[in-house]
Amino acid sequence: MKGVLFCLQVCFFIYLFICLLIFGIGDVLGVATKAKVSALFVSLMLFLVGFMTGVLPPDIIKLAGLTDIGKWSLIFVVFSMGTSLNIKQLIAEWRTVAVAVLSMIVLIAGSVVLIPVIGYQETIVSIPIINGGIIATQIMTSAAMDKGFAMAAALGTVLYAVQKFVGTPVASYFGLRAAKEALAEFRRTGVNPYAPKEEVHGGAAPKETFFEKHKKFYGPFASLTIAAFFSWLAFVIGKYTGLSATIWSLILGAVIGSTGLVPLKILDHAKSSGIFNVGVFAVIIPSLEKIKVSDLLVLSFNTIMVFIVVFAVLFLFFYILPLWKILGNRNLAMGVAVMQLLGFPATYLVANEIAIATGETEEERQVVNDAIMPKYLVGGFATVTTFSVITAGILEKFL
């Protein structure tokens with residue numbers, strides 16, 4: 001009996017090692033290529049190839065003990081995201097937020113044309129994933145798998161894996177055009193029109209929050225206890241209201257985070273975000289296990305069609321039609337609209353690369369940073385971090 005138990009334990013650790021190794025390979029390549037190769041894309045493709053060739057068992061996530069972690073890690077991660085919401089920054093960049101949210105709305109409306117082309121379930125699953133990131137992907141693929149829509153779940157995972165590849169060149173192209181316009185104005189006038197206005201505090205230091213005063217009491221276990229309580233509360237409220245627990249988790253995180261009672265990004269403060277992110281990521285892997293070689297053609301076609309519609313809709317509404325006037329610049333509006341495909345840190349990396357590529361001096365690079373960086377960061381923050389979670393929480397009910 002002890003020998004059998006030992007073998008099971010050995011197998012468990014081997015499978016866990018393999019899963020983490022695949023995630024790790026993606027991380028290494030992502031850093032080595034400065035995010036030009038998506039870490040998540042590499043990991044997902046390795047899992048897909050492993051499943052299709054039979055090298056990896058189809059239930060490797062379960063064998064590695066990650067299934068149960070994935071069930072409860074999502075709500076923790078969403079709560080932690082909520083505590084990081086910077087309400088003041090969103091208010092200051094309200095025009096950017098308006099463009100970002102409108103870009104999500106027009107995509108939701110425009111995606112109706114995809115229903116007769118790729119199917120109803122596939123379209124419903126795709127929308128929040130295009131609007132967001134890993135959280136929206138986990139919500140929609142899990143809902144699709146629970147309903148037995150295996151191909152819809154697989155499409156969602158593939159879209160998530162490739163959206164940064166597709167979105168980055170477009171965001172970079174329009175960002176470069178906006179940067180050249182900003183530099184032309186700066187070189188003509190000598191004035192940086194995008195320089196941030198300095199906040200006046202009357203010489204007084206910002207008031208310390210409750211957390212900052214009592215920081216020594218917020219150890220890893222205390223922080224996890226806080227996150228667990230509000231995750232439970234979000235789950236209970238979700239049960240009684242019918243509104244997704246993930247939405248309530250985001251709301252509770254934003255509310256409690258704005259009071260200063262808890263640390264920002266509470267899972268980071270608890271030094272626990274890594275294992276929770278593994279749990280969230282692990283949940284979407286099983287959506288790849290049922291894909292066959294014969295399905296790849298259909299998935300490829302559906303993926304191409306989704307992105308054709310996405311960019312056609314965004315270009316129509318934010319470059320041709322007058323919605324770009326909210327930001328006052330066509331190129332900036334298109335760049336912000338595409339941020340929903342990227343999210344942090346890709347938003348930062350793209351904006352930083354644009355500044356380096358276009359500015360000839362440090363002062364010029366600062367001008368470009370002031371013009372592009374806040375818009376791209378807030379655009380990704382509003383879509384991927386915030387509203388895509390709400391969109392997914394609503395649309396999962398329509399599957």
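**Cavities**

I worked from a predicted model. I looked for cavities of 30 Å³ or more and the count came to one. I then took the volume of the largest cavity, which is about 40 Å³.

Next I asked which residues line the largest cavity. I noted L107, S111, L114, S126, I127, I130, N131, V306 and V310. I sorted this lining by type: six residues are nonpolar, three are polar and none is charged.

I also checked which helices contribute. At least two lining residues come from each of α8 (120-131) and α16 (295-320). The top contributor to the lining is α8, with four residues.

I wanted to know where V112 is found. I placed V112 in the loop between α6 (94-110) and α7 (115-118).

**T358**

My last stop was T358, in helix α18, which covers residues 346-358. Is T358 buried or exposed? I read a relative accessibility of 13% for T358. The cut-off for buried is under 20%, so T358 counts as buried.

I then looked at T358 against R177. The two are 181 residues apart along the chain, and I got 9.7 Å between their C-alpha atoms.

Notes. Residues are numbered from 1 along each chain as its sequence is written. This is a predicted model: local features need pLDDT of at least 70, side-chain atom pairs count only at pLDDT 80 or more; totals for chains, interfaces and linings use all residues. Side-chain values use heavy atoms; hydrogens and water are left out. On a 1 Å grid over the protein atoms alone, a cavity is a set of points where a 1.4 Å probe fits but cannot get out, and a pocket is an open set with protein on both sides within 12 Å along at least five of seven lines; lining residues have an atom within 4 Å of a point. Grid points are joined across faces, edges and corners, and a volume is the space filled by probe spheres set on the points. Ala, Val, Leu, Ile, Met, Phe, Trp, Tyr, Cys and Pro count as nonpolar, Asp, Glu, Lys and Arg as charged, and the others, Gly among them, as polar. Buried means under 20% relative accessible area, exposed over 50%, partly exposed in between (1.4 Å probe, protein chains only).
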